[in-house]
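Please walk through the following model from its overall plan down to individual backbone details.

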Amino acid sequence: MARISSTCLTLRDGDWPDPPASPESAPFVAAAKEGRFLLRRCTACGKAHWYPRSLCPFCFGETAWEEASGEGTIYSFTVLAREDPPRAIAYVTLAEGPTMLTSLVACEAGQLAIGQPVRLVFASSKNGTPVPCFRPVGEGDPPWMEPEA
Ligand SMILES: [Zn+2]
């Protein structure tokens, strides 16, 4: 039994602000709607980066889409417990290298820690655009997050 916390961070599915749409983000959004998380990686220096850009932020080389693992670790986070609903903003370092500003969801704020493994989960914005969020990996899922059969 998980310990009781007053700060449940929900998925907020369908309740996130709509991200700005652009031609550059269209492939990302299309893949995300299929549950795939895309990053761009430089074809010159080989480094991946976030957010997606057509020119490498490290060497200005050309970049290409690739599917990322969706695995990462919490680099830093803060819980906005007084917001309604409460939310947690975090920097998550992806397994592929880049660190992205994101939200931690589907967990209790008290279970979060720097260095903790997290996994991507897409939540929907108000207009149905997938928003990449992260949740802790492994045991300890709150009962209200049990996947539906
Ligand atoms: Zn590069």
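In what order do the elements of the protein chain run from the N terminus on? In this predicted model, the elements follow the order β-α-β-β-β-β-β-β-β-β-β, which corresponds to one helix and ten strands in the protein chain. The chain has 149 residues, of which 25% count as buried. Among contacts in the protein chain with a separation of 6 or more, 55% are made by residues 24 or more positions apart.

As a general point, strands of a sheet pair through backbone hydrogen bonds, in either a parallel or an antiparallel sense.

Another antiparallel pairing is that of β6 with strand β7 (residues 99-104), which extends over six bridges. Here Tyr91 has Leu101 of β7 as its bridge partner. The two strands β6 and β7 form a hairpin with four residues between them, and in its turn Gly97 has a positive phi of about 120°.

Nonpolar side chains tend to be buried together in soluble globular proteins. In this model the largest nonpolar core has 23 residues, and those with the most contacts inside it are Ala90, Leu104, Val105, Val121 and Phe134. The elements giving two or more residues to this core are β5 (71-80), β6 (87-94), β9 (117-124) and β10 (130-136). Apart from its neighbours within four places in sequence, Phe134 is in contact with Gly72, Ala90, Val92, Thr102, Leu104, Val118, Arg119, Leu120 and Val121.

Why does Ile74 count as buried? Ile74 counts as buried because it has 21 C-beta neighbours inside 10 Å, where the cut-off for a buried residue is 20 or more. Once residues up to four places away in sequence are set aside, Ile74 touches Ala90, Val92, Leu112, Ala113, Ile114, Gly115, Gln116 and Val118. Although Ile74 and Ala90 are 16 residues apart along the chain, their C-alpha atoms are separated by 6.9 Å.

Some backbone details remain to be considered. Most residues other than glycine have a negative phi, and most peptide bonds are trans. In this model the peptide bond from Trp50 to Tyr51 is cis, with omega near 0°, and Tyr51 has its place in the loop between β3 and β4. The peptide bond from Asp84 to Pro85 is likewise cis, with omega near 0°, and Pro85 lies in the loop between β5 and β6.

Phe60, although not a glycine, has a positive phi of about 65°; Phe60 is found in the loop between β3 and β4. Ala106, also not a glycine, has a positive phi of about 55°, and its place is in the loop between β7 and β8 (107-108). Is each of these residues buried or exposed? Phe60 is exposed, because 12 other C-beta atoms lie within 10 Å, whereas Ala106, with 21 other C-beta atoms within 10 Å, is buried.

Key:
Residues are numbered from 1 along each chain as its sequence is written. This is a predicted model: local features need pLDDT of at least 70, side-chain atom pairs count only at pLDDT 80 or more; totals for chains, interfaces and linings use all residues. A nonpolar core is a set of buried Ala, Val, Leu, Ile, Met, Phe, Trp, Tyr and Cys residues joined through C-beta atoms within 7 Å. Two residues are in contact if their C-beta atoms, placed from the backbone, lie within 7 Å. Two strands pair if DSSP finds at least two bridges between them.
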